Amino acid sequence: MKEPWLFASLISVAFYSCQEKKIAYPETRKADHEDNYFGTIVKDPYRWLEDDMSEETGAWVKAQNDLTFSWLEKIPFREKIRARIEDLWNYEKYGIPFHKAGKYYYDRNDGLQNQSVYYVLDSLSGEPRVFIDPNKFSSDGTIALSRISLSKNGSLCAYSISESGSDWEKIMIMDTGTGLLVEDTLKDVKFSDITWFGNEGIFYSSYDKPDEGSLLSGMTMHHKLYYHKTGTAQTGDKLIFGGEQNPRRYIGAGISEDQRYLVFSAAESTSGNELYFKDLQDPKGQVIPLATGFDNNHLFVGNSGTTLFMLTDFQAPNYRLMAADTRNPARDQWTEIVPEKEEVLSRASTAGNKIFLEYLKDAST
């Protein structure tokens with residue numbers, strides 16, 4: 001549809017025509033429920049709707065959907081809109097390729113596939129072959145691929161899946177040569193990166209699983225960072241950080257390119273984070289703070305030997321590049337590498353770490 005105003009007008013006509021007839025909404029029961037918050041009584045008559053597993057809530061949702069679609073299906077031009085949107089979306093799409101252990105990977109959608117398919121090439125002139133096709137995970141399309149991560153030598157791939165749109169995910173580990181799963185599935189994973197330590201295992205994050213029957217509505221408070229060694233049971237995974245001893249809502253980990261340092265962020269909201277590191281070459285290595293508190297943002301960029309580089313807005317609203325010596329990592333001992341300036345911020349938001357480091361190298365000379 002070429003004219004946006006025309007599309008909006010048609011929707012308005014349909015809306016107001018519906019208003020001419022009185023809508024009989026499903027009845028929503030009011031319960032006699034009250035909460036006492038520090039002496040203040042707050043009525044909450046619809047608390048029962050928070051029990052998303054109850055038959056009553058399910059019946060209420062079904063009734064609401066039935067009413068909604070009974071009106072949507074009366075819109076005379078609804079099918080034309082659907083067909084037009086399908087036509088606009090029906091074009092080939094490619095994701096950003098990446099190189100790992102001599103092979104090239106990318107994702108592609110032929111236009112109307114529910115999920116993009118991952119392909120692999122042995123060389124840039126080679127023929128692509130399917131690596132992972134998430135459209136085959138389930139016949140009804142309710143299982144989605146969330147993320148993939150390959151081990152250092154590319155022999156193993158860990159990927160996570162979400163079932164029916166749930167934030168709770170599973171991590172599968174696959175032999176990239178055969179395409180077969182090589183061990184038990186990691187379960188009850190939530191809001192997690194997948195970070196390989198060489199080819200030996202992965203770091204991932206999760207919460208304690210809510211009680212049975214409240215998986216979707218149960219509160220999740222304390223994120224935990226775990227290490228899983230391939231070939232072992234998930235019950236033996238090592239807790240690295242988090243939980244009640246270090247109550248944080250979001251913990252995400254990365255590893256330096258030389259595989260020496262585990263560096264992870266811990267946050268309580270979507271703005272402001274702490275930064276920690278652990279020397280993986282030291283069997284007795286402890287988790288050491290780089291930056292604490294949640295007033296500033298800190299992003300690990302890379303390392304050179306025992307020096308870690310961070311992009312931070314600490315005392316620099318437009319960000320600057322700082323260096324920390326792991327032998328004396330306190331923030332007041334950091335060294336400024338590239339001072340705050342607007343160009344660094346814009347490049348940092350669009351470039352990968354390696355490209356950004358090259359830019360910083362040029363900018364500092």
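I began with lysine 229, whose place is in strand S14; strands (E, at least two residues) and helices (H or I, at least four) are DSSP runs, numbered from the N terminus. The model is a predicted one, in which local features need pLDDT of at least 70 and side-chain atom pairs count only at pLDDT 80 or more, while totals for chains, interfaces and linings use all residues. Residues are numbered from 1 along each chain as its sequence is written, and side-chain values use heavy atoms, with hydrogens and water left out.

**Entry 1**

Leaving aside neighbours within four places in sequence, I found lysine 229 in contact with Glu200, Gly201 and Asp237, where contact means heavy atoms within 4.5 Å. From lysine 229 to phenylalanine 197 I noted 9.1 Å, C-alpha to C-alpha, for a sequence separation of 32 residues.

I then turned to histidine 228, which also has its place in strand S14 and which counts as buried because its relative accessibility is 0%. Its side chain is joined to that of glutamate 183 by a polar contact of 2.5 Å; such a contact is a pair of N or O atoms within 3.5 Å, and within protein one must be able to donate a hydrogen and the other to accept it, residues adjacent in sequence counting only if both atoms are side-chain atoms. Beyond four places in sequence, the contacts of histidine 228 include Ile173, Leu186, Tyr204 and Gln234.

**Entry 2: ring pairs**

I looked up the aromatic pairs and found 14 in the structure; rings of Phe, Tyr and Trp (its six-membered ring) pair if their centres lie within 6.5 Å, and planes under 30 degrees apart count as stacked, over 60 as edge-to-face and the rest as tilted. Phenylalanine 191 and tyrosine 207 are an edge-to-face pair because their planes stand at 85 degrees, with the ring centres 6.2 Å apart. This pair links distant parts of the chain, 16 residues apart, with phenylalanine 191 in the loop between strands S11 and S12 and tyrosine 207 in the loop between strands S13 and S14. Phenylalanine 191 is partly exposed at 37% relative accessibility, whereas tyrosine 207 is buried at 6%.

I next checked phenylalanine 241 and tyrosine 276, whose rings form a tilted pair at 4.7 Å centre to centre and 45 degrees between the planes. Phenylalanine 241 lies in strand S15 and tyrosine 276 in strand S18, 35 residues apart, and both are buried.

**Entry 3: strand S9 and its partners**

I looked up strand S9 (residues 156-163) and found 7 of its 8 residues buried. Strand S8 (residues 143-150) pairs with S9 in the antiparallel sense over 7 bridges, two strands being paired if DSSP finds at least two bridges between them. Isoleucine 148 stands opposite tyrosine 159 in S9, and the hairpin of S8 and S9 has 5 residues between the strands, with glycine 154 in the turn at a positive phi of about 75 degrees.

S9 also pairs with strand S10 (residues 168-175), in the antiparallel sense over 7 bridges, and serine 160 stands opposite isoleucine 171 in S10. I noted 4 residues between the strands of this hairpin, with serine 164 in the turn at a positive phi of about 55 degrees.

Notes. Buried < 20%, exposed > 50% of the residue type's maximum accessible area, 1.4 Å probe, protein only.
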